[in-house]
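Hi everyone, thanks for coming. Please have a look at the structure on the screen, and I'll walk you through a few parts of it.

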Amino acid sequence: MNHSKSRRRRVGAAVAMAVAMALVGAGCSSDAGDGVEAGAVNLAYQFVGPPLAGLNPAKTGGTNSSAMFNVPAYSSLLFQRPDGSIVGDLATEWGYPEGDNLTFNVTLRDDAEFADGGAVDAAAVKKSLEYVRDGGFYLSPRFANFEDIQIVDDYELSIKLSAPVAALPFALTPAGGAGFIISPEGVDNPDMLDNATAGSGPYVYNPERSIIDTTYVFERNPNYYNPDAVKAETLTVQVITDPNTAVSALQTGQVSVVSGRATTAPAAEAAGMDVYAVGGSAHGIGIIDREGAVVPAFADVRVRQAINYAIDREALTEAMLPGGFGTPTEQILAEGQPGYNPDLVGRYAYNLDKAKSLLAEAGYADGFAFDLLCSETVGNCPAAEAAAGDLARVGITVTVEMVGVSTSAFDEKAASGQYGAAMQRLRTVASEFAPLLLPDAGGSSNPFESEDPEITRLWEEALAETDPDAQAELWSQMSERVAELAWFAPLYIAKFVYFVDPDLKGFKVTNENAIYSPFDVTGEYSWTK
């Protein structure tokens, strides 16, 4: 990690999520507001938009929105710390019985209460998990294999699986998105969760002090089981969409952490703020028509490999994300994530001669043409144009089609089966790659339902593996096979960028973590000033 104290620049390693999110904090004094002790530490955190679909974590879990608005109010069974390690939150013990990957046992702490005073016992947890499993939410497929959730004792559960679940402990953390536990009252009255919280986390949402679409205030939960871990009396999510306005809010002390961009980093550094560039998501070209239904040339692996060799990732990354805010990559996993394969670095080093040779061998010495979808909403059209310029050097003509309405409009076009390639932004967590790599997941990531027996075999073996190191080795082999087949032409890992008030204590992000929060269940990385 590069760190210059003079400008407090930290180009760290990692992020806390597959997310574009930011937390902000402002120290308060006697004008803290009604019900807040004068002189108390009060923090706020910025996000680029209001809650995606209200405050119900079952609806938004696994999204950046959930990281901002659900994490403060909801405890989860497990918690991923900044170093990537998984520790207990509501659970004190968890795991598979030896030799059995279809049973996952959980022992709960007996001193946790929901904000309404109800006990967080096995019956409440079972009800919450089943609500997510059966609700048809974005996260529901992660629990689809929870065939039977059995109550063993007041604070013990045994989850019987119909089939192995990829990285199940991770799925039960905030980073994994599916482990938030909702109180029985919340489950029974889900409409109330649109503008209220019903969790057992360190904070409770206060709608009276909040302004919908603008400001969301969370107050300390007096029933939280570990009060010493909570350092701030209040948290405020401040919705700020404009990146320059966000920097101004940081400079004036309205916020302590904002979601930054490479373009605004110089201003943040000049103001003496800490700058973190960490982890990130993989961006690149998804060659989705791997059988050549729309673009016949794509059916030849040599053509797909030629595309990879023809792109100057170093130059493209510097042009798109100057100043070290992006890392060129040839694989869809980021460094620090289970399965990242260092042997793939340089696998497709820029080589025009190699690209031309492969095209000639495949019968396309004179090149060919294809359309490339990109999303203006996501912001990957400039990278698409740059890649098209590189491919033109080997005779490949690329027409970039920009979709500017919404991400859903882009997904609809990508899933239509009319396009052979589309820009893709991928969360670099191997256990979430089923839609990309398996034929029965469908959707916009793999609309032609491409299948490779070796990839499928490795995926299934990884699912069945309960040892994290052995599972990571299988993910690594899978990543190598994906690179060999050249189903994608990855371009760069776009780092998550955060600007932080240097007076804020406890802020921590790493490559091993995909989500961060203003508190840590142990208290070590809970924020304060």
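Let me start with a term: two strands count as paired if DSSP finds at least two bridges between them. Helices (H or I, at least four residues) and strands (E, at least two) are DSSP runs, numbered from the N terminus. What you see is a predicted model, in which local features need pLDDT of at least 70 and side-chain atom pairs count only at pLDDT 80 or more, while totals for chains, interfaces and linings use all residues. Residues are numbered from 1 along each chain as its sequence is written, and side-chain values use heavy atoms, with hydrogens and water left out.

Now to the strands. β6 and β7 pair in the antiparallel sense, over 4 bridges. In that pairing, glycine 95 stands opposite asparagine 105 in β7. On to the next pair: β7 (residues 103-108) is joined by 5 bridges to β9 (residues 156-161), and these two run antiparallel. Asparagine 105 faces serine 158 in β9, and threonine 107 has glutamate 156 as its bridge partner there.

Put together, this is an open, antiparallel sheet of 4 strands in the order β6-β7-β9-β8. Which strands stand at its edges? They are β6 and β8 (146-153), each with a single partner strand, so one side of each has no neighbour in the sheet. From one strand to the next, the twist averages 15 degrees; axes here are lines fitted to C-alpha atoms, for helices over the stretch in contact, and angles run from 0 to 180 degrees between N-to-C directions.

β3 runs parallel to β12 (residues 234-239), with 6 bridges between them, and asparagine 42 stands opposite threonine 234 in β12.

Next, a helix. Which residues of α9 (residues 313-320) are buried, meaning under 20% relative accessible area, where exposed is over 50% and partly exposed is in between (1.4 Å probe, protein chains only)? They are Arg313, Leu316 and Thr317. Seen down the axis of α9, these buried residues fall within an arc of 95 degrees, so they line one face of the helix; the arc is that of the directions from the helix axis to the C-beta atoms. The face turned away from the buried side carries the exposed residues Glu314 and Ala319.

Let's finish with a pocket, which is an open set of points on a 1 Å grid over the protein atoms alone, where a 1.4 Å probe fits, with protein on both sides within 12 Å along at least five of seven lines; lining residues have an atom within 4 Å of a point. The second largest pocket holds about 560 Å³ of space, the volume being the space filled by probe spheres set on the points. It has 29 lining residues, and the closest to its centre are Ile86, Ala167, Phe170, Pro468 and Gln471. β6 (91-95), α4 (168-171) and α15 (468-485) each supply at least two lining residues, and α15 gives the largest share, 4 residues.
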